[in-house]
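I opened my notebook to look this structure up piece by piece. My entries follow in the order I made them.

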Amino acid sequence: MNLETATIANITGEKYLAHRMYGTFQVAGCADGESVALTRVTPRTASMDYGDKRILPLAISAREIAEDVCREINSDAGERSYLGVFVCAGDAPTEAELRAAREKLDEFYRALVAAADREWERSHSYLFIHDLQRRAAARLGMVKEWHYEARETEECPGCGERVKPGVAVCKSCRAILNRDKAAALGIVGYADRAAGTGASASAADAAQAVAPGERVVDHSRARR
Ligand SMILES: [Zn+2]
C-alpha cells in the first residue's frame, strides 16, 4: 500500500469537482462500459491561519484528503445520501469494496425512487421529480410514469413566455417558432401574408414620414 497517495473509486458516470480549503479536486467518472473510475490523490500542505498573524503550514495526508473529498461528494444529495464514491483501502478497489459500494448506492437509489413515487402520488408534476431520481430509476432499470417526459420548456424569442420545444406557434404572442410545422398545419401561409402586408405598410409609412422632414430641412437651408 502506498502511503503517499490514496485512491478514490467512483462507480458512477458522474464527474465531480470538490472545492476544499486546501485545493480543488477533480474526481473522474466512469467512461462508457467502465464499471469504476479511479482518481489518485497526493498529500497537500494547507496554510492554517490562526488569526493572530501566525500562518502555519499544515500537512494533510492523501488519505485525509480522499476521505474528505468523498464525504463532501457523497453528502450532496440530502440525508443519508450516497453517490458512489469511496476511498480504497489499497491502491485499487477490491471486489468486496466494489460490491459494498454498489449495494449502498442501489439502496440510496431505491430511497430516491420511493421519494419520487410519493411526490408523484401527491403532485403528479414532473417539475418536482429531480434529475437524480430519474437517474436512480434508470440505473435500477425501473420504468416509472414520472421518469419519462422530462419535458423541458424553452423561451419564446418573441415574448419570453415558456413554450414547449418544437411547437409551431407561440401560444401567447403567435410568433412562428417552427416554420415547417406551421406550414404543414396551414398556419404559415396566413401568417406570411399578414406579416408581408404589415411590413410593406410600415415601410410606406416610414418613407412618407421621412420625405416631408427632408423638405423642411431643405427650406431652412434655402432661407439661410
Ligand atoms: Zn411568444
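**Metal site**

I checked the angles at the zinc ion: its 4 donor atoms subtend 105 to 112 degrees, which makes the arrangement tetrahedral. For four donors, that label needs all angles between 85 and 135 degrees. The ideal angle for four tetrahedral donors is 109.5 degrees. I note that the model is predicted.

Which protein atoms hold these positions around the zinc ion? I found the SG atoms of Cys-156, Cys-159, Cys-170 and Cys-173, at 2.2 to 2.4 Å from the zinc ion. Along the chain, the donors are spaced as C-x2-C-x10-C-x2-C.

The cut-off for buried is under 20%. Cys-173 comes out at 32%, so I logged it as partly exposed.

**Nonpolar core**

I then looked up the largest nonpolar core, which has 39 residues. Ile-8, Val-69 and Phe-86 have the most contacts inside it. Several elements each supply at least two residues of this core, among them strand E1 (6-10), helix H1 (62-74), strand E7 (85-87) and helix H2 (95-123). Which element gives the most? H2 does, with 9 residues.

**Surface patch**

Last, I turned to the surface. Met-48, Tyr-50, Leu-56 and Leu-58 form a nonpolar patch there. Together they have about 320 Å² of accessible area. I placed Leu-56 in strand E6, residues 55-60. Its relative accessible area is 36%, so Leu-56 is partly exposed.

Conventions
Residues are numbered from 1 along each chain as its sequence is written. This is a predicted model: local features need pLDDT of at least 70, side-chain atom pairs count only at pLDDT 80 or more; totals for chains, interfaces and linings use all residues. Side-chain values use heavy atoms; hydrogens and water are left out. Donors are N, O and S atoms within 2.8 Å of the metal (3.2 Å for Na, K and Ca); water is not among the atoms, so sites may look incomplete. Four donors count as tetrahedral if all angles lie between 85 and 135 degrees; four count as square planar and six as octahedral if opposite donors are over 155 degrees apart and all others between 65 and 115; anything else is irregular. Buried means under 20% relative accessible area, exposed over 50%, partly exposed in between (1.4 Å probe, protein chains only). Patches are made of residues with over 30% relative accessible area and no salt bridge: like charges are joined within 9 Å, nonpolar side chains (Val, Leu, Ile, Met, Phe, Trp, Tyr) within 5 Å. Accessible areas come from the Shrake-Rupley method with a 1.4 Å probe; for residues, only the protein chains shown count as cover. A salt bridge is a side-chain nitrogen of Lys or Arg within 4 Å of a carboxyl oxygen of Asp or Glu. Helices (H or I, at least four residues) and strands (E, at least two) are DSSP runs, numbered from the N terminus. A nonpolar core is a set of buried Ala, Val, Leu, Ile, Met, Phe, Trp, Tyr and Cys residues joined through side-chain atoms within 4.5 Å.
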